[in-house]
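The sequence and the structure are shown below for reference.

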Amino acid sequence: MRIHRLELTNVRGIEHLVMDELPETGVVVIHGENEAGKSTIVEALDVVLTEKHSGRSKRIRALQPVGKDVAPEVIAELSVGEYRFRIAKRWLSKKSCELSISSPQPAPFTGRPADAGLGRRLSEPWARAL
């Protein structure tokens, strides 16, 4: 899996974070003080890839900042195998999901078809080996 861009809005203690221009090769190291949000970044990436936008699981509710009535949002631009895509999800309030595949064949999806389309592409045998 190659991460091209990751954007978090209202995810735990992170109001807004954009990680882009990530290197093509090598390892990306996230460092910082304790409680700075390093684990939150990794968990947000996992949740956007595995949890449906319509869900209310404990993992999703844990993304919401404490004491704030805002919806967590995560946008990720990734390459997995032959697919390059952008997945954007918003949970809890005004739920939404958009999947935009740019290659190998462009295709847009929204809502449940976007969740399903992402799941299909990530469950292919070559993707499970990642």
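This is a predicted model: local features need pLDDT of at least 70, side-chain atom pairs count only at pLDDT 80 or more; totals for chains, interfaces and linings use all residues.

## Leu-6 and the strand that holds it

With a relative accessibility of 3%, Leu-6 counts as buried. Leu-6 belongs to strand E1. Of the 10 residues of E1, 8 are buried, so the strand is largely enclosed by the rest of the structure.

The surroundings of Leu-6 can be listed by contact. Beyond residues up to four places away in sequence, Leu-6 touches Leu-17, Val-18, Met-19, Ile-41, Leu-45, Val-74, Ile-75 and Ala-76. One of these, Met-19, is also the bridge partner of Leu-6 in E2.

## Strand pairing

Strand E1 pairs with two strands. E1 and E2 run antiparallel and share 5 bridges, while E1 and E3 are joined, also antiparallel, by 7 bridges. On the E3 side, Arg-5 stands opposite Glu-77.

The pairing continues from E3. E3 and E4 are antiparallel and joined by 8 bridges, with Glu-73 opposite Arg-90 of E4. E4 is in turn joined to E5 by 7 bridges, again in the antiparallel sense, and Arg-86 has Ser-100 of E5 as its bridge partner. E5 also pairs with strand E6, residues 107-110, over 4 antiparallel bridges; in that pair, Glu-98 stands opposite Thr-110.

| Hairpin | Residues between strands | Residue with positive phi |
|---|---|---|
| E1 and E2 | 2 residues | Arg-12, near 50° |
| E3 and E4 | 2 residues | Gly-81, near 60° |
| E4 and E5 | 5 residues | Leu-92, near 75° |

A further hairpin is formed by E5 and E6, with 3 residues between the strands.

## The largest nonpolar core

Which members of the largest nonpolar core touch the most other members? They are Leu-6, Val-48, Phe-85, Ile-87 and Trp-91, out of 28 residues in that core. Two or more residues each come from strands E1 (2-11), E2 (14-19), E3 (73-80), E4 (83-90) and E5 (96-103), and from helices H1 (38-50) and H3 (111-122). H1 gives the largest share, 6 residues.

Ile-87 illustrates how separate parts of the chain meet. Apart from neighbours within four places in sequence, the residues in contact with Ile-87 are Val-48, Val-74, Ile-75, Ala-76, Cys-97, Glu-98, Leu-99 and Leu-118.

Not counting residues up to four places away in sequence, Thr-40 touches Leu-8, Val-11, Arg-12 and Ile-14. Among these, Arg-12 is the residue with a positive phi near 50° in the hairpin of E1 and E2.

## The largest pocket

The volume of the largest pocket is about 230 Å³. Its lining comprises 16 residues, of which Arg-2, Ile-3, Leu-22, Val-27 and Val-28 are the closest to the centre. E1 and H1 each contribute at least two residues to the lining.

Val-28 is situated in the loop between E2 and H1. With a relative accessible area of 44%, Val-28 is partly exposed, whereas Leu-6 is buried at 3%. Val-28 and Arg-90 are 62 residues apart in sequence and 25 Å apart in space, taken from C-alpha to C-alpha. Arg-90 is the residue of E4 that Glu-73 stands opposite.

Note on methods
Residues are numbered from 1 along each chain as its sequence is written. Side-chain values use heavy atoms; hydrogens and water are left out. A nonpolar core is a set of buried Ala, Val, Leu, Ile, Met, Phe, Trp, Tyr and Cys residues joined through side-chain atoms within 4.5 Å. Buried means under 20% relative accessible area, exposed over 50%, partly exposed in between (1.4 Å probe, protein chains only). Contact means heavy atoms within 4.5 Å. On a 1 Å grid over the protein atoms alone, a cavity is a set of points where a 1.4 Å probe fits but cannot get out, and a pocket is an open set with protein on both sides within 12 Å along at least five of seven lines; lining residues have an atom within 4 Å of a point. Grid points are joined across faces, edges and corners, and a volume is the space filled by probe spheres set on the points. Two strands pair if DSSP finds at least two bridges between them.
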